[in-house]
Each structure stands twice: as C-alpha cells, then as structure tokens.
Amino acid sequence: ASKGDEYFILGDTKTFTTSDGASVVMEIVAFNADTKADGTGTAGITWISKDIFATHVMNSPDNNTGGWEVSEMRRWLKSDAYNTLPTELKSAITTVNKTYYDKTTNSTLGCSDSVWIPSYREVFGTDDFETSGTTYISYFTGSDSQVKKYTGSATAWWLRSAYKDNSIAFKNVHPYSDNSANHSDYPCGVVLGFCT
C-alpha cells in the first residue's frame with residue numbers, strides 16, 4: 001500500500017531461504033523510490049541483500065557490449081537465481097524500471113527488472129556518466145554500509161554499470177567500499193536486489 005515507511009525504517013531486515021537451502025538476509029534500502037514497470041506508481045519497499053548472495057561473472061567472454069540489459073549476469077539472475085526464491089516471495093516482487101550506463105552508446109539506458117544488482121548511481125549517488133535513475137544514498141551513507149561479505153570475508157561486488165574507459169569491464173565495489181572496476185569475466189560478488 002506504499003506505506004512501508006510508516007511501519008519500517010532503513011536497514012530493517014527480513015530473511016528467506018532459497019530452494020537449495022541458503023539463508024539470505026535482505027535489508028530495506030529505500031521506500032517509494034523505484035518506478036513500477038506497469039506505470040502504476042512506485043514500489044513500496046526496495047531491498048538488497050545484506051551480504052553477497054552468490055558469485056558470478058558479468059559476461060563471458062570478457063566484454064561490456066550492450067551493457068546490463070544483454071549481460072550474462074542479468075540472464076542468470078532472471079532465470080537460475082530467481083528460480084531459487086520461495087514462491088511466496090516471488091509473488092510479492094514487483095517489476096520496476098532500472099537505469100544503467102551503457103559504454104556502447106555512451107549513455108544512460110533503461111530496462112525493466114524483477115531482480116537486479118545495484119548501479120553505480122544507486123550506491124554512490126550522482127556522477128558524470130549515469131545521468132538518471134534513483135539513488136539509495138540515504139542507506140549507503142559511508143564505507144560501512146558499502147562493505148559486503150561472502151563466506152565471512154569482505155569481497156568485491158558487481159554494479160550493473162559498465163566501466164566508461166574500456167569495452168571489457170563493469171564497475172564494482174571494492175572489498176573495503178571504494179568504487180572500482182573489474183574484467184567482466186571475473187566472478188565477483190552478486191548483491192541481490194528487488195522491490196515489493
């Protein structure tokens with residue numbers, strides 16, 4: 001009912017179990033921030049995983065051609081990863097519009113997603129190449145909030161924004177919270193996001 005912020009606060013959590021037995025803690029990062037793909041307003045609550053959901057490549061072979069929308073990562077999230085979610089959760093997820101920097105066209109593009117990984121703009125705020133889209137900087141307030149762990153250790157995690165300076169890399173968040181980039185065929189952390 002778009003009244004999540006009357007009952008919860010940023011950082012509140014909810015845990016689900018995947019079909020393969022993994023326990024995943026999700027955190028609230030925004031309220032009424034993401035536009036629903038069907039044009040009926042904004043999704044009430046935006047969630048991302050407290051820590052790294054899995055590791056996966058962005059693209060193999062190594063490239064960022066076409067950006068997030070045609071990436072191997074997006075295909076994997078929409079199929080294999082999504083299929084591990086509980087039925088009750090899948091029925092609550094709302095498809096939203098997502099923006100991303102595309103190196104191929106040197107512009108900010110958009111597509112619709114039910115599950116996704118964060119963008120540079122969402123985590124770090126305004127920058128000189130991702131010109132539109134929401135931000136979650138009320139949640140990502142500093143280095144502590146940007147560190148994500150995998151099997152107990154701080155690990156680099158992918159952003160869906162292509163790297164501006166070459167045609168092979170995507171942006172990521174360094175294990176100790178600085179923004180960085182990596183070859184797209186390297187298996188970095190996946191931070192799961194969705195809206196309800």
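Let me start with a quick one: which residue in β12 is the bridge partner of K171? The partner is A181. Before I go on, please keep in mind that this is a predicted model.

β11 covers residues 169-173 and β12 covers residues 179-183, and the two run antiparallel, joined over five bridges. Together they make a hairpin, with five residues between the strands. Look at S177 in that turn: its phi is positive, about 85 degrees.

N32 has a positive phi near 50 degrees, and it isn't a glycine. You'll find N32 in the loop between β2, residues 23-31, and β3, residues 45-49. Then there's T151, again not a glycine, with a positive phi of about 50 degrees. T151 sits in the loop between β8 (149-150) and β9 (153-154). Are these two residues buried or exposed? N32 has a relative accessible area of 27%, so it counts as partly exposed. T151 comes out at 74%, and because the cut-off for exposed is over 50%, it counts as exposed.

Going from S60 to P61, the bond is cis, with omega near 10 degrees. P61 belongs to the loop between β4 (54-56) and α1.

That takes us to the helix. α1 spans residues 72-83, and R74 is in it. What does its side chain reach? The backbone oxygen of E69, at 3.0 Å. Leaving out anything up to four places away in sequence, R74 touches W68, E69, C111, S112 and D113.

Let's move to the nonpolar core. The largest one has 49 residues, and those touching the most other members are W68, M73, L77, L192 and F194. Which strand gives the most to this core? That's β2, with six residues. Take M73 from that list: setting aside neighbours within four places in sequence, M73 is in contact with H56, V57, M58, W68, I117, W158 and V190.

Next, aromatics. The count is four aromatic pairs. One of them is Y139 with F140, an edge-to-face pair with 4.8 Å centre to centre and 80 degrees between the planes. Y139 counts as buried at 11% relative accessibility, and F140 is buried as well, at 3%.

Last stop, a lysine and a tryptophan. The charged end of K98 sits over the ring of W116, and the distance to the ring centre is 3.7 Å.

That's my tour. Happy to go back to any of these spots on the screen.

Definitions and conventions
Residues numbered from 1 in each chain as written. Predicted model: local features only at pLDDT ≥ 70, side-chain atom pairs only at ≥ 80, totals over all residues. Heavy atoms only, no water. Pairing = 2+ DSSP bridges. Helix = DSSP H or I, 4+ residues; strand = E, 2+ residues; numbered from the N terminus. Polar contact = N/O pair within 3.5 Å; in protein donor to acceptor, adjacent residues only side chain to side chain. Contact = heavy atoms within 4.5 Å. Buried < 20%, exposed > 50% of the residue type's maximum accessible area, 1.4 Å probe, protein only. Phe/Tyr/Trp six-rings, centres within 6.5 Å; stacked < 30°, edge-to-face > 60°. Lys NZ or Arg CZ within 6 Å of the ring centre and 35° of its normal. Core = buried A, V, L, I, M, F, W, Y, C linked by side-chain atoms within 4.5 Å.
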